[in-house]
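Notebook open, new structure on the screen. I'm jotting down what I look up as I go.

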Amino acid sequence: QVQLVESGGGLVRAGDSLRLSCAASGRTVSDHAMGWFRQAPGREREFVAAINYSGGSRYYSDSVKDRFTISRDGAKTTVVLQMNTLKPEDTAVYYCARGRGMAPTTQGSDYDYWGQGTQVTVSS
């Protein structure tokens, strides 16, 4: 009922920036939290950032805080992850997901719809 499509990934150098976007269609996501997760080769999927239903409350993992910013548009149909000062350890496939509730959470099981992912590669 909900489709999520990520875009904006690519190959960049350490210290550079990327802006990832997640476009939602189908059922409304305006009353749901949204999150970003990532998975590197040989690693488990990990939480990156989340935003509540209104866009007024945000939560970040320790590994990206002060470098990444999550936001959503007024219509609540697009979620953006602005990534600055990228590091090689940020290399991963990044996934957008819709939360089951309104609050930003860090658990993947709290999200019910997922995008296909977009590759981010950061070279030294």
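This is a predicted model: local features need pLDDT of at least 70, side-chain atom pairs count only at pLDDT 80 or more; totals for chains, interfaces and linings use all residues.

I started with serine 21, which is buried at a relative accessible area of 15%. Buried here means under 20% relative accessible area, exposed means over 50%, and partly exposed is in between (1.4 Å probe, protein chains only).

Residues are numbered from 1 along each chain as its sequence is written, and side-chain values use heavy atoms, with hydrogens and water left out.

Next I checked where serine 21 sits: in strand β3, residues 18-26. Strands are DSSP runs (E, at least two residues), numbered from the N terminus.

What does serine 21 touch, leaving out residues up to four places away in sequence? I found Val5, Glu6, Ser7, Trp36, Val79 and Val80, with contact meaning heavy atoms within 4.5 Å.

Then I went looking for disulfides (cysteine sulfur atoms within 2.5 Å of each other). How many does the structure hold? I got one. Cysteine 22 and cysteine 96 form it, with their sulfur atoms 2.1 Å apart. The pair joins distant parts of the chain, 74 residues apart: cysteine 22 is in strand β3 and cysteine 96 in strand β9, residues 92-99.

Note on methods: Helices (H or I, at least four residues) and strands (E, at least two) are DSSP runs, numbered from the N terminus.
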